[in-house]
Amino acid sequence: MIAALEGCHERIRRFGGLAERVAVEAATDAERAEAAAAVVRYFTIALPLHAADEDLSLAPRLVGRDAALDAALARMTADHVEHAAVLDPVLALCRQLAAAPATHAALAPTLGPAAAAMVAAFAAHLALEEAIVFPAVAALPAAVQRELRAEMLARRA
């Protein structure tokens with residue numbers, strides 16, 4: 001169960017890093033378009049599933065166990081809404097770049113800082129979950145962890 005959650009976090013970090021790199025690394029137009037499209041795909045398809053896993057499956061099973069965990073769960077859920085403010089500009093720029101990679105020089109000065117802000121916001125969010133929420137999930141009975149995993153898989157079916 002924890003491995004699946006950690007895998008999601010690794011992909012969030014990887015695709016956030018890809019958004020940062022596409023702004024600054026030398027690449028062909030085709031490579032830039034492919035990378036930008038991959039960022040958009042990940043953050044519009046997989047990330048919402050991960051947030052749903054946390055908000056709809058994890059949080060209800062963990063809430064009320066202790067004050068620190070409840071505060072972390074509240075922050076986690078609020079972050080999922082607030083992330084739109086840092087994610088939306090990156091997605092808009094990556095969509096433009098995917099559609100017209102020759103515009104890289106014009107988009108890069110905005111995409112770089114936008115991607116860095118997104119990565120920073122997610123870094124704090126992921127660290128909180130990994131420090132407080134994931135250990136609480138790991139402490140759940142095995143049967144509950146199996147239920148959680150089944151719900152996560154069902155969202156992706």
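This is a predicted model: local features need pLDDT of at least 70, side-chain atom pairs count only at pLDDT 80 or more; totals for chains, interfaces and linings use all residues.
Rings of Phe, Tyr and Trp count as a pair if their centres lie within 6.5 Å.

The structure holds 3 aromatic pairs. Take Y42 and F43. Their rings sit 5.2 Å apart, centre to centre, with 85° between the planes. That makes the pair edge-to-face. Both residues are buried.

Next, F43 with F122. Here the centres are 5.9 Å apart and the planes 40° apart, a tilted pair. F43 belongs to helix α2, residues 29–62, and F122 to helix α5, residues 104–138. The pair therefore ties together parts that are 79 residues apart in sequence. F122 is buried, and so is F43.

Now the charges. How many salt bridges are there? The count comes to 10.

Start with a local one. R14 and E10 meet through their side chains, 3.2 Å from N to O. Both lie in helix α1, residues 2–24. They are 4 residues apart, about one turn of the helix. R14 is partly exposed, at 40% relative accessible area. E10 is partly exposed too, at 39%.

Then R61, in helix α2. R61 bridges to E147 at 3.4 Å, N to O. E147 is in helix α6, residues 142–155, so this pair links distant parts of the chain, 86 residues apart. R61 also bridges to E151, at 2.5 Å, N to O. E151 lies in helix α6 as well, so that pair ties together parts 90 residues apart in sequence.

Last, the cysteines. The structure holds 0 disulfides. The cut-off for a disulfide is 2.5 Å between the sulfur atoms. Both cysteines are buried: C8 has 7% relative accessibility, and C94 has 0%.

To recap. R61 has salt bridges with E147 and with E151. C94 is in no disulfide.

Conventions. Residues are numbered from 1 along each chain as its sequence is written. Side-chain values use heavy atoms; hydrogens and water are left out. Buried means under 20% relative accessible area, exposed over 50%, partly exposed in between (1.4 Å probe, protein chains only). Rings of Phe, Tyr and Trp (its six-membered ring) pair if their centres lie within 6.5 Å; planes under 30 degrees apart count as stacked, over 60 as edge-to-face and the rest as tilted. Helices (H or I, at least four residues) and strands (E, at least two) are DSSP runs, numbered from the N terminus. A salt bridge is a side-chain nitrogen of Lys or Arg within 4 Å of a carboxyl oxygen of Asp or Glu.
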